[in-house]
Amino acid sequence: MLTHAVTTSNRARLAAGRGFSMVELIAVLVIVGIMAAVGAPAISYAQGSRQRVACRQVARDLNYARERAVATGTRTWVVFNASTDIYTMLVEVPANPGRANAVALTDPATGKAFSQALNTGDFAGVDLVSVSSGTGSEVGFDWLGKPYDSTSTLLTSAATITLSAGQSVTVEPGTGLARYLP
């Protein structure tokens with residue numbers, strides 16, 4: 001009886017040390033290859049999706065600034081900083097008007113100063129490449145919704161905010177309407 005137990009024990013030890021068969025290794029490699037082929041386009045799509053969502057967010061925020069200026073009769077500004085990938089919303093103080101005296105607008109959703117950072121969180125990999133708005137990188141809206149550049153001059157041509165991969169948002173000169181056209 002003892003010899004039978006030793007023989008079974010030796011067989012189990014030998015079987016445990018064998019490793020994987022060639023068929024098992026090939027099956028695993030095929031499965032990994034299929035997963036890589038399916039996953040690569042999904043990752044590429046996710047990056048393009050982030051860029052589109054970021055453009056829509058920029059357009060919504062610009063339109064919010066315009067609507068707020070019309071509703072309150074107070075000039076509202078959106079200031080873009082391409083070097084930090086951040087844009088902020090400012091509002092002029094009625095007692096002390098002018099862009100230079102504008103203060104940070106409180107975001108109604110968070111109760112904090114309105115500021116949006118790109119290239120982080122939901123917008124990871126999305127850069128604020130450039131802003132072309134007359135003479136600067138700001139867009140202001142008056143009580144009629146008309147857009148202005150950083151020198152408080154009415155826009156005569158569309159302002160363009162360009163994000164990664166050539167995605168852009170435009171602000172129309174006459175109406176101030178911000179649009180993202182994919």
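What share of the 182 residues in the chain is buried? In this predicted model, buried residues make up 30% of the chain. The accessible surface comes to about 10700 Å², and carbon and sulfur atoms account for 62% of that area.

As for the overall layout, the chain has two helices and 10 strands. Going along the sequence, the order is α-α-β-β-β-β-β-β-β-β-β-β. If we look at contacts with a separation of 6 or more, 55% of them link residues 24 or more positions apart.

Now for the inside. The largest nonpolar core has 29 residues, and the ones touching the most other members are Val58, Leu62, Phe80, Ile161, Leu163, Val169 and Val171.

Setting aside neighbours within four places in sequence, Phe80 is in contact with Val58, Leu62, Ile86, Tyr87, Leu128, Val131, Ser137 and Ile161.

Phe20, Met22, Leu25, Ile26, Val30 and Ile34 make a nonpolar surface patch of about 640 Å². Take Val30, which sits in helix H2 (residues 22–72). Val30 counts as partly exposed because its relative accessible area is 45%, and partly exposed covers the range between under 20% (buried) and over 50% (exposed).

Technical notes
Residues numbered from 1 in each chain as written. Predicted model: local features only at pLDDT ≥ 70, side-chain atom pairs only at ≥ 80, totals over all residues. Heavy atoms only, no water. Patch = residues over 30% accessible without salt bridge, like charges linked within 9 Å, V, L, I, M, F, W, Y side chains within 5 Å. Areas by Shrake-Rupley, 256 points an atom, 1.4 Å probe, with all protein chains shown as cover. Salt bridge = Lys/Arg side-chain N within 4 Å of Asp/Glu carboxyl O. Helix = DSSP H or I, 4+ residues; strand = E, 2+ residues; numbered from the N terminus. Buried < 20%, exposed > 50% of the residue type's maximum accessible area, 1.4 Å probe, protein only. Contact = heavy atoms within 4.5 Å. Core = buried A, V, L, I, M, F, W, Y, C linked by side-chain atoms within 4.5 Å.
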